Amino acid sequence: MAVKVVIPTPLRQYTGKKDSVEIDARTVGEALAGLTSQFGDLRKHLFNEEGNLRSFVNVYVNDEDIRFLQKSQTPVNENDVISIVPSIAGGFSIRCICT
Amino acid sequence: MAINFRPEELENVRAHAARDYPSECCGILLGHADGESKEVSEVVPLRNLRHDPGRAQELLPVEDPSRESERNRFLIDPQDQLRVEKDSRQRGLDVLGYYHSHPDHPARPSNYDREHAWPWYSYVILSVERAEAKDVTSWVLSNDRSRFEQEDLKMR
Ligand SMILES: [Zn+2]
């Protein structure tokens, strides 16, 4: 069953400039494993050394965050769209917020 | 590398930074990238999710919630990103990067900014002093993640 994985702009340099990739998979975990075996350089941007999804990476199936589904076990069906959404965060040095 | 804005888009970004002072503001930069330069054609202001500590903590926890808030942290709701990305893709636009403000701090990336940065994106930073937007700079993470490199920010 082919699902579409949408690649965000910063990671397209590792997918031969493709903005989406079709992968045969039954779960989100299988899809991401398939994706990173096809494009090895992607792995370190998506997974930590223990092989878990990095906390800076959000994964959605259609409009649902997989954190609130079954995480990497979340089943996917034909025509589902998996989106990799980079966490965008920042700020400056910690200071006392007293006001 | 360089990032190019139309004057009115940059004005929108500055106005957003001033309006949200003393909190950090954030937003998305949309447009086209061709090789060495990025052309911004649209900016979309977004909500700083650190205003909603419960949900922000669920998505990307901070170590010390008593000292890390919307005043010195920003987080974009991935749901907002997804919505903007989908809509922009249909119109042939790419996400080029993001902007955020540093209330009463210089327009230079912090270590926290670097730790959370992604390659390729432009990170535009504004310093805001007493509700007035001052300096605007733009930065791209180096490939080994060790530092940010400043890029030219130009008006077209
Ligand atoms: Zn910052």
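1. Strand E6(A) pairs with strand E4 of chain B (residues 73-75) in the antiparallel sense, over 3 bridges. Strands here are DSSP runs of at least two residues, numbered from the N terminus, and two of them pair if DSSP finds at least two bridges between them. Within E4(B), Leu75(B) is the bridge partner of Ala89(A).

2. A word on the basis: this is a predicted model, with local features needing pLDDT of at least 70 and side-chain atom pairs counting only at pLDDT 80 or more, while totals for chains, interfaces and linings use all residues. Residues are numbered from 1 along each chain as its sequence is written, chains are lettered from A and ligands numbered from 1 in the order in which they are written, and side-chain values use heavy atoms, leaving out hydrogens and water.

3. The contact (heavy atoms within 4.5 Å) draws 34 residues from chain A and 37 residues from chain B. There are 2 salt bridges between the chains, counted when a side-chain nitrogen of Lys or Arg lies within 4 Å of a carboxyl oxygen of Asp or Glu. Arg12(A) and Asp94(B) form a salt bridge at 3.1 Å, N to O.

4. Now to E3(A): 5 of the 5 residues are buried, so this strand is largely enclosed by the rest of the structure. Buried means under 20% relative accessible area (1.4 Å probe, protein chains only). Val57(A), Val59(A) and Val61(A) lie on one side, with Asn58(A) and Tyr60(A) on the other.

5. E3(A) pairs antiparallel with E5(A) over 5 bridges, and Tyr60(A) stands opposite Ser83(A) there.

Notes. Helices (H or I, at least four residues) and strands (E, at least two) are DSSP runs, numbered from the N terminus. Buried means under 20% relative accessible area, exposed over 50%, partly exposed in between (1.4 Å probe, protein chains only).
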